[in-house]
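This report concerns a structure that is to be read alongside its sequence. Please consult both before turning to the text.

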Amino acid sequence: MAMNNDRAGLVAVTGIGGFLGRHVAAQLLKAGYEVRGTLRSMKKADAIEAAIRSADGAAQGKLSFVTADLTADAGWDAAFTGAAYVVHTASPFPSHVPKNEDDLIRPAREGTLRVLRAAKAASVRRVVLTSSIAAISYGPGRAPFSEKDWTDPDGPLATPYYKSKTLAERAAWDFALENSLELAVVNPGMILGPILGTETGTSVGLVQNLMKGRYPAMPDFRVPVVDVRDAAEAHVLALTVPQAAGERFIIAGEALSIEDIVTVLKRDFPAYGKKLPRFVLPNWLAGLAAYFDPGLKLIAGELGRDARISNEKAKRVLGWKPRPEAEAVRASAESLIAAGLV
Ligand code: NAP
């Protein structure tokens, strides 16, 4: 859908320097929108622009950057002035459990409210918020999880990251209701697929660690996977499909185990076969090892868990058509090899 570079076409993307944010920006440019992205620092702006422009169809179109941090008020009003839409992807997503959970929860929840207040003040038409299945699958519900399910932020499965995403999404819905702001929420599964540039982020970091031989064995961990190109497309659809207003959408496909991911890597990248783990860790051993391994600690509470989701609503309402999950794994690996990161 081509649009003019006027007010109707300006989309502000928070966290444009992130793995997902870059792809969202690229697809918006490809669709003819003007994009203004927020960064915490301008230091990498040129490299981020080059990475976004390298994506298919994103070489043309107006792209600019402004600075804003989720933990401070400065910059947000300027970021959204004149924007027709806001896509809020920024949120901390570390590869370890932080010492203090507020390091995640504060920027996620208070930052989201900052973003929504500024979006309301700028009279944007709609905000699309990137939440996660982290806000869906870790409460009283059972697999296959749907948009009706909510993570219990006080429950035993809620890690600080899951809590941060749940509390941020809850706060967003409350704000939208109280302030008549049009909101749509995208809840991706684990996002894999090609990186743009050379930063991997936490999710592709898993594929990178596997290919670098950092894991001697595999935990029995399953997670619904989505390709970053399909996740980005869902954000663009959520921006414009009228029926998306007031709705949340699970954006993920099949739940893959680490063993499934390793099987794809072994098959398509045999040169890495020796680096890839061969054995599945028994859960009791993985639970024990989690005391020493920050990555395992992140997932220790959900070993062996049925993580399946339903993506029927996104397909039906948004017309979303994801590619096979194995393609996301393969594309991650290919881009890591091309960037010299494995
Ligand atoms: P990422 O590459 O680490 O990107 C995170 C983004 O958030 C970066 O742009 C970062 O900005 C920004 N950010 C973090 N703290 C901030 C703060 N205090 N102020 C301003 N910006 C801040 O991670 P990602 O995978 O692209 O994640 C993007 C979004 O998708 C997040 O909301 C995440 O929760 C969600 N999500 C990710 C996955 C996944 O598997 N990757 C799955 C479901 C949902 P800087 O560039 O300045 O560091």
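## Basis of the model

The model is predicted: local features need pLDDT of at least 70, side-chain atom pairs count only at pLDDT 80 or more, and totals for chains, interfaces and linings use all residues. Residues are numbered from 1 along each chain as its sequence is written, and side-chain values use heavy atoms, with hydrogens and water left out.

Helices (H or I, at least four residues) and strands (E, at least two) are DSSP runs numbered from the N terminus. Buried denotes under 20% relative accessible area, exposed over 50%, and partly exposed the range in between, for a 1.4 Å probe and protein chains only.

Strand β6 (residues 183–188) is largely enclosed by the rest of the structure, because 6 of its 6 residues are buried. Leu-183, Val-185 and Asn-187 cover one face, while Ala-184, Val-186 and Pro-188 lie on the other, and all are buried.

Two strands are taken to pair if DSSP finds at least two bridges between them. On this basis β6 pairs in the parallel sense with strand β5 (residues 126–130) over 4 bridges, and Thr-130 stands opposite Val-186. From β5 the chain passes through helix α5 (residues 160–179) to β6 in a right-handed β-α-β crossover; right-handed means that, with the strands pointing away from the viewer, the path from the first strand over the helix to the second runs clockwise. Strand β9 (residues 248–251) also runs parallel to β6, joined by 4 bridges, and Phe-249 in β9 is the bridge partner of Val-186.

## Strand β4

In strand β4 (residues 85–88), Tyr-85 and Val-87 point one way and Val-86 and His-88 the other, and all are buried. Strand β1 (residues 10–14) pairs with β4 in the parallel sense over 4 bridges, with Ala-12 opposite Val-86. β4 also pairs with β5, again parallel and over 4 bridges, and here Val-87 faces Val-128. A right-handed β-α-β unit is made by β4, helix α4 (residues 102–121) and β5.

## Helix α6

Of the 11 residues of helix α6 (residues 201–211), 9 are buried, and the helix is mostly covered. Its buried residues pack against α1 (19–30), β7 (190–192), α8 (258–268) and α12 (325–338), contact being defined as heavy atoms within 4.5 Å. Gly-213, with a positive phi near 75 degrees, follows α6.

## Aromatic contacts

Rings of Phe, Tyr and Trp (its six-membered ring) pair if their centres lie within 6.5 Å; planes under 30 degrees apart count as stacked, over 60 as edge-to-face and the rest as tilted. The whole structure holds 4 aromatic pairs. One of them is tilted: Trp-76 and Phe-80, 5.8 Å centre to centre with 50 degrees between the planes. Both residues lie in helix α3 (residues 76–80), 4 residues apart, about one turn of the helix, and both are buried. Phe-93 and Tyr-161 are stacked, since their ring centres are 4.5 Å apart and their planes at 25 degrees. Phe-93 lies in the loop between β4 and α4 and Tyr-161 in α5, so this pair ties together parts 68 residues apart in sequence. Phe-93 is partly exposed at 40% relative accessible area, whereas Tyr-161 is buried at 15%. Phe-93, Tyr-138, Tyr-161 and Tyr-162 form one aromatic cluster.

A charge sits over a ring if NZ of Lys or CZ of Arg is within 6 Å of the ring centre and within 35 degrees of the ring normal. The charged end of Arg-170 sits over the ring of Trp-150, 3.9 Å from its centre, and that of Arg-248 sits over the ring of Trp-150 at 3.7 Å.
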